[in-house]
Amino acid sequence: MVKIKVYGNQKIDGIVPISGAKNSALPLLAAAILSSNSLKLKNVPPLLDVSTMLDLLESLGATYQINQDSMYANTIELKADSIYNFTAPYEIVKKMRASILVLGPLLARFGKCKVSLPGGCAIGVRPIDLHLKGLEALGATIDLSDGYIRASAANGLKGSDFDFPTTTVTGTENVMLAATLAEGTTVLKNAALEPEIIDLANCLNKMGAKISGHGTSTIVIKGVTSLHEAEYSVMPDRIEAGTYAIAAGITRGRVDLIGGNFRKLLPSFIDKMEKAGLRFTDIENGLRVEYSGELSPISVNTEPFPGFPTDLQAQTMAMLCFVNGESNIYENIWENRFMHAAELMRMGANITVFQAHANIKGGKRLKGAPVMATDLRASISLVLAALAADGSTIIDRVYHLDRGYCCVKEKLANCGVTIDRIS
Ligand code: EPZ
């Protein structure tokens, strides 16, 4: 099995082109199911999760063509004019929970589908009850048996009002995708505000959907009968950008993040990192992040957008291990997202976890050790910690990294940092 060897005491200094966002590309790919006409997506990141979604779409009967625009971006043209299979099997869904995003589109266009229940995962129980309740509000009949969701709407979905009791990103996306082809108007209240929701709505509108209010907590979708051909470019990955910003902090280096308005995409994160002492400067088409003197401890609360993203929590914890003083992290989205703490402690970190709270007594040197990646963001947090530690670190289970970070080795190499893949 491939592992990553990270050499310690390295400093990042260079330019990182930020790839298209994984968490935007996945729902955009699922959106292709809604139409028999082609959807051309640009700036799609070459990631394992994208390949898994393409495998799933292909198994349903969709076809696609990939054009490699650069090492970091593909254009993918999808056509779903010959869907013949309406089942998303357990074998695929267990690999990638975002497979659940085919539920809304299949149901809306074909009136039936069978999608495996995703089950829990390393970061929490991760229920999908709100996806199902939202679809039921649109008139779907849902039956859960044998580990599968069987959804049907023999006479098509009907627009309706639905108020999400808790904000959910993929839940909002799934119901929005379905409502696009429902008869009449759907009003989604307490909808998620994440930029990836805006990206999906913008793409659907380019395909001919009638969506407004995206980016606010009330999204209005006037159903249409069909969608047309469209071309759309995936937004930049704000979590990848935040990860490299932390790389500058943890290695006392500097990085130019290129390809987006990251201040707008990461408001609370940048605010917190500025409080910790990192310097952010606007540059052409991006943001420069610099270490400019000793960092201060901070307190972080993860929250839905525009709050501090849970997907940058593990990386932030890695950085705080190197910051003199006591920092605190409160994880408010996922009930079990501190698995990386135990691995950081194997490298010498002083972290106490109690339920949703992690206390980090930082400032001690960390030392390379064999560690294990438990999920995507945990895996990159270990890479970051290892870059700043003494000695080298071997990270196992790096397939997590390949699911969501494009060309890490190459992007770091462009900034003078070496990591190796070893067998
Ligand atoms: C999305 O997951 C992201 N995934 C996650 O990114 C991210 O951590 C998360 O949003 C929060 O920002 C994709 O976009 C593909 P939620 P999602 O539904 O949509 C509860 C990464 O590392 N909930 O917004 O699955 C749930 O338990 C990943 O890239 C219900 O109770 O997250 C959680 O506490 C991991 N019932 C909260 O809502 C539901 O039906 C938010 O979850 C749905 C969710």
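Predicted model: local features only at pLDDT ≥ 70, side-chain atom pairs only at ≥ 80, totals over all residues.
Let's start with a strand pair. Strands β4 and β5, the latter covering residues 73–79, are joined by seven bridges and pair in the antiparallel sense.

What is the order of the strands? It reads β4-β5-β3-β14, an open sheet of four strands with mixed pairing. Which strands stand at the edges? They are β4, residues 63–70, and β14, residues 230–233. Each has a single partner strand, so one side of each is left without a neighbour in the sheet. From one strand to the next, the twist averages 15°.

Next, the helices on this sheet. Helix α1, residues 22–31, lies across β3, β5 and β14. Its direction is at about 170° to β3, which spans 39–44. Helix α2 takes in residues 48–60 and lies across β3, β4 and β5. Relative to β5, helix α2 runs at about 15°.

On to a helix pair. Helix α6 is residues 169–180, and helix α7 is residues 195–206. Their axes come within 10 Å and cross at roughly 15°. That angle makes α6 roughly parallel to α7. The crossing of these two helices is right-handed. Who makes the contact? From α6 come V169, T172, E173, M176, L177 and T180. From α7 come E196, I197, L200, A201 and L204. By class, this contact of α6 with α7 has seven nonpolar residues, two polar and two charged.

Now a hairpin. Strand β16, residues 278–283, and strand β17, residues 286–291, run antiparallel. How many bridges join β16 to β17? Six. Within the pair, T281 stands opposite R288 of β17. Two residues lie between the strands of this hairpin. In the turn, N285 has a positive phi of about 55°.

Last, the whole chain. How is the chain divided? Domain 1 is in two pieces, 3–18 + 236–422, and domain 2 is 22–233. Taken over C-alpha atoms, the centres of domain 1 and domain 2 are separated by 30 Å. Where the domains meet, 27 residues of domain 1 are in contact with 20 residues of domain 2.

To recap: an open sheet of four strands, a right-handed crossing of α6 and α7, a hairpin of β16 and β17, and a chain divided into domain 1 and domain 2.

Notes. Residues numbered from 1 in each chain as written. Heavy atoms only, no water. Axes fitted to C-alpha atoms, helices over the stretch in contact; angles between N-to-C directions. Parallel < 35°, antiparallel > 145°, perpendicular 65-115°, else oblique. Left-handed = near helix turned anticlockwise from the far one by under 90°. Contact = heavy atoms within 4.5 Å. Nonpolar A, V, L, I, M, F, W, Y, C, P; charged D, E, K, R; others polar. Pairing = 2+ DSSP bridges. Domains from an automatic or database assignment.
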